[in-house]
Amino acid sequence: MNANDNLERGIADVYHAEAPHRAPDWVLANALETIESTPQRRVLIRVPWRFPDMNNTFAKVAIAAVVVLAIGVVGLNLLRPSASSGVGAQPSASPSATTSPSPSPSPASSASQAMSTFTSTMHGLSIDYPAGWVKHPATESATELGLNFNSPDVDYLYDGQYQGDLFLAMASQPLAGKAPDAWVTDFLDSFDGGCTGPRVSIVVAGTNGILCASNLFATADGDRGYFVRAYTGSDLTPEEEKAHDETWFRSVLATLQLHPESAVDTPASPAAS
Amino acid sequence: MQAELVDRARRGDREAFSVLAAGAVDRLYAIARLALRDTELAEDATQEALVRAWRDLPTLRDVERFDAWLYRLIVRSCADIGRHRRKWRAEVSIVRDDASEPDGAAGLADRDLIERGLRRLTVPQQTILVLTYYLGLSPSETADALEIPVGTAKSRLHYAIEALRAALAADERGTVGDTREERMA
């Protein structure tokens, strides 16, 4: 038995000794009371995980019927213009199966989203963000890069409805003698216990940065290290979450401009160690 | 039996959900208590996970995966609550607790040391340790609960153990230092 095994066994022992056997009764009571007035999320289209109630033959026949129907509808629409108005007919505005999709939120919809530009006087950067979001500029320089929602050393741009569940956060700090690549790596390694998602090199604002876990970007320019974080919490609807995915974040990052020369570094407060 | 309850609850049957919640609440609370190391926050996280479970149950596609899905929800609630309350810089800059008096029993002393070390980890680090060493989940089950790839889960577990090891070493150095100072006095 090696030291690893001993430590792992020790952790398990501590957990089993410490774990409460029962939750206080009121925890369940309160939850059930809240649930009384909580509607369930509606699932408008449930994609079946499998077809538990359909045998294979029935499923195949049903799918074939849908395909035949779709081909028929498309075929009719292709034939209709030439039959009704001959050569040179103007495109018809009549509805057809291929031109009446139901509205569905998608990352593409964010492309047409109205954007505003935020300029950070503290951190020396500017970036576009969805118009209507709330600006919460940093009031202190980032001596340590913390990321609590509303912490004073980070610029926040957030959705007024979701607040701490949908925001962009950004800040910069001096490299303090570190090489740019080392700062970026150290930052990503220390962020929130270490950003463990996939890391991809991307060029943003003329710098070579790293995008980690699809939502955290770090780079360095001049003598400063920068990060931008897109956060989506679990309170978002799946549609909102999809509309603020990596594609959206990259489109926001594409607007990032870095001005390290205009960043402000205020002295650390006496309370800071 | 459970699958039937889940299916009923998924279709809006509150009574069925009450039965499911009563069966899961102690387990969820224990996970939250160990991951957050705070009684009040654990109570909040457990309630939040149960309410989310009710609200989002219609989105659960496979009723057989209800338990795994609940783990995801409690992990998310712990992460959200941990995120709002913590200063993540605390991960590195550790304030040493006052070392408790040794009780003479080596096992208890070790446990006390580990317990203090665990307190110094971040919520994500605590969470992966709880899933692995308290619930005994496999790497793939842990990855599923955390909604991350298996490789990432393995690496996160590795770093959590390393962080604990570093905290233990720092604690031990602190204790030795204190002893020396006491001897000098």
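User: What is a salt bridge here, in terms of a side-chain nitrogen of Lys or Arg and a carboxyl oxygen of Asp or Glu?
Analyst: This is a predicted model. A salt bridge needs a side-chain nitrogen of Lys or Arg and a carboxyl oxygen of Asp or Glu. The two atoms must lie within 4 Å.

User: Is B:Arg27 buried or exposed, or partly exposed?
Analyst: Buried means under 20% relative accessible area, and exposed means over 50%. B:Arg27 has 27% relative accessibility, so B:Arg27 counts as partly exposed.

User: Which residue forms a salt bridge with B:Asp13?
Analyst: B:Asp13 is partly exposed, with a relative accessible area of 24%. The closest N and O atoms of the pair are 3.0 Å apart. The partner is B:Arg8.

User: Where does B:Glu147 lie?
Analyst: B:Glu147 is linked in a network of salt bridges with B:Arg65, B:Arg72, B:Arg76 and B:Asp144. Its phi is near 60 degrees, a positive value in a residue other than glycine. B:Glu147 lies in the loop between helix H7 (139–146) and H8 of chain B.

User: Which side chains meet in a salt bridge at 2.6 Å, N to O?
Analyst: A search of the whole structure finds 21 salt bridges over all chains. Across the interface of chain B and chain A, the rule finds one. At 2.6 Å, N to O, the side chains that meet are A:Glu18 and B:Arg37.

User: Which element gives the largest share of the side of chain B that touches chain A?
Analyst: Several elements give two or more residues to that side, among them helix H1 (2–10), helix H2 (14–36) and helix H8 (150–184) of chain B. The largest share is 11 residues, and it comes from H2(B).

User: What is the area buried between chain B and chain A?
Analyst: Interface size is often given as the accessible area lost when the parts come together. The contact takes 59 residues from chain B and 50 residues from chain A. Carbon and sulfur atoms give 59% of the buried area, which is about 5200 Å².

Definitions and conventions. Residues are numbered from 1 along each chain as its sequence is written. Chains are lettered from A and ligands numbered from 1 in the order in which they are written. This is a predicted model: local features need pLDDT of at least 70, side-chain atom pairs count only at pLDDT 80 or more; totals for chains, interfaces and linings use all residues. Side-chain values use heavy atoms; hydrogens and water are left out. Contact means heavy atoms within 4.5 Å. Buried area is the accessible area (1.4 Å probe) that two parts lose on being put together, summed over both. Helices (H or I, at least four residues) and strands (E, at least two) are DSSP runs, numbered from the N terminus. Buried means under 20% relative accessible area, exposed over 50%, partly exposed in between (1.4 Å probe, protein chains only).
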